[in-house]
Amino acid sequence: FNGAEVTGTGDGRVFMFGGVNPAKLVEVEKGTGKFLQTTPLGNLELTNAFAFSFFGGDFYMFTESDNNQFLSKVTHFDYDDSDMNGKQDLTTVVNQAPIRIVGAGVSTCAPFAPQ
């Protein structure tokens, strides 16, 4: 890994978003730091500014926009296959958010299952 962000879920799991490009999502064992599962994130690349968060069973990644390093792109990762299409889809939700997002967080009270 050349850098990573860490977030948790309401049910007590810990995940990292990082790695050498393309980026990866890694579930980490809290007590030992052991990698439990590594999921490559297609062609999603880490940029100079990146962050991620978890809500309702899914992850949201924030990276620099393809067209402007001072704006952010928001990508949704359907981790729990809530759309029930048999895939963990990775889709761009916003191509250019009006700000550069360099940090994100999630409350331990955030739902860990779809709403």
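The largest nonpolar core of this predicted model has 14 residues, and those with the most contacts inside it are F17, L25, L41, F52, F59, M61 and F77. A nonpolar core here is a set of buried Ala, Val, Leu, Ile, Met, Phe, Trp, Tyr and Cys residues joined through side-chain atoms within 4.5 Å; buried means under 20% relative accessible area, exposed means over 50%, and partly exposed lies in between (1.4 Å probe, protein chains only). Two or more residues come to this core from each of β2, β5 (50–55) and β6. The most is given by β5, with three residues. Strands are DSSP runs of E with at least two residues, numbered from the N terminus. Contact is counted when heavy atoms lie within 4.5 Å.

Residues are numbered from 1 along each chain as its sequence is written, and side-chain values use heavy atoms, with hydrogens and water left out. As the model is a predicted one, local features need pLDDT of at least 70 and side-chain atom pairs count only at pLDDT 80 or more, while totals for chains, interfaces and linings use all residues.

Turning to the strands, four of them form an open sheet in the order β1-β2-β3-β4, with antiparallel pairing. The strands at the edges are β1 (4–8) and β4 (35–40), each with a single partner strand, so one side of each has no neighbour in the sheet. On average, neighbouring strands of this sheet are turned by 20° against each other, direction ignored; the axes behind this angle are lines fitted to C-alpha atoms, and angles run from 0 to 180 degrees between N-to-C directions. Two strands pair if DSSP finds at least two bridges between them. Strand β1 and strand β2 (residues 14–18) run antiparallel and are joined by five bridges. Within this pair, E5 stands opposite F17, and T7 has F15 as its bridge partner. The two strands form a hairpin with five residues between them, and G12 in the turn has a positive phi of about 90°.

Charged side chains come next. Side chains of opposite charge can pair when their charged atoms come close. The structure holds four salt bridges, each being a side-chain nitrogen of Lys or Arg within 4 Å of a carboxyl oxygen of Asp or Glu. In one of them, R100 pairs with E64, and the closest N and O atoms are 2.5 Å apart. R100 lies in the segment after β8 (90–97) and E64 in strand β6 (residues 58–64), so this pair ties together parts that are 36 residues apart in sequence. R100 is partly exposed at 34% relative accessible area, whereas E64 is buried at 9%. Another salt bridge links K73 with D66, at 3.3 Å between the closest N and O atoms; K73 is buried at 11%, and D66 is exposed at 62%. K87 and D89 form a further salt bridge, with closest N and O atoms 3.9 Å apart, and D89 is buried at 19%.

Finally, S72 is found in strand β7 (residues 72–77). This serine is buried, with a relative accessible area of 1%. Leaving aside neighbours within four places in sequence, the contacts of S72 include E64 and R100.

Definitions and conventions: Helices (H or I, at least four residues) and strands (E, at least two) are DSSP runs, numbered from the N terminus.
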